[in-house]
Amino acid sequence: MTDIDDIPAPRGQLTLKLLASRQDVNVHGDIGGGWLVAQMDQAAELVASREARGRTATVAIEAMDFLSPVRVGSMVNIFTTVGEIGHSSIRIDVEVWIRSPQERDPDELHKVTDARFVIVALDDNGRIRAVTQ
C-alpha cells in the first residue's frame with residue numbers, strides 16, 4: 001500500500017452538491033441531522049429511480065453514524081454507489097463529505113456520515129413491483 005492509499009476519499013459518484021444554509025440549523029447552530037438525512041434520501045432515490053426506470057420509495061436506512069457536525073456555509077457533497085439489486089429492491093450506499101467554509105483547498109473534503117438505503121420499485125398505484133433491468 002502506498003501513502004496515497006491511506007488518504008480517505010469518497011466512494012461512488014457525486015450525486016448531489018449543495019450549500020448548508022442558516023435555514024437548516026438546529027438549536028446549537030449546526031446543520032440538523034434530519035436535513036442531512038433528507039438530502040441523502042433524495043440522492044439515493046435519484047439513483048434508484050434510474051436503476052428501476054420509474055417510481056421508487058425508501059423502505060429502510062441501515063446503520064448511520066454522524067462523525068462530525070456540519071457548519072453553516074459547508075459545501076455538502078453526497079456520493080452514491082449502487083449495491084445489491086434484488087427482485088424489487090435496490091441497496092444504495094450513500095456517503096456525505098463536506099468542505100468546511102474555512103477550508104482553503106477546494107479538493108479537501110471531510111467525511112461526515114454514510115448509510116445504506118434500501119429502496120423499492122413502485123408501480124403507478126404505489127405497489128411494489130419488480131425492478132426493470
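Reader: Is Ala-63 buried or exposed in this model?
Author: In this predicted model, Ala-63 is exposed, because its relative accessible area of 69% lies over the 50% cut-off.

Reader: And where does Ala-63 sit, and what is its phi?
Author: Ala-63 belongs to strand β2, and its phi is near 35°, a positive value in a residue other than glycine. Most residues other than glycine have a negative phi.

Reader: Which other residue has a positive phi although it is not a glycine?
Author: One of them is Arg-53, with a phi of about 55°, and Arg-53 is placed in the loop between α1 and β2. Arg-53 is also exposed, its relative accessible area being 58%.

Reader: How many bridges join β3 to β4?
Author: There are 9 bridges between β3 (residues 75-85) and β4 (residues 89-99), which run antiparallel, and Val-82 stands opposite Ile-92 in β4.

Reader: Changing topic, what does Met-40 touch?
Author: Leaving aside residues up to four places away in sequence, Met-40 touches several residues, among them Met-64, Ile-78, Val-94, Val-96 and Phe-117. Met-40 is part of helix α1 (residues 33-52) and counts as buried, because its relative accessibility is 0%. Its C-alpha is 8.9 Å from that of Thr-80, although Met-40 and Thr-80 are 40 residues apart in sequence.

Conventions
Residues numbered from 1 in each chain as written. Predicted model: local features only at pLDDT ≥ 70, side-chain atom pairs only at ≥ 80, totals over all residues. Heavy atoms only, no water. Pairing = 2+ DSSP bridges. Helix = DSSP H or I, 4+ residues; strand = E, 2+ residues; numbered from the N terminus. Buried < 20%, exposed > 50% of the residue type's maximum accessible area, 1.4 Å probe, protein only. Contact = heavy atoms within 4.5 Å.
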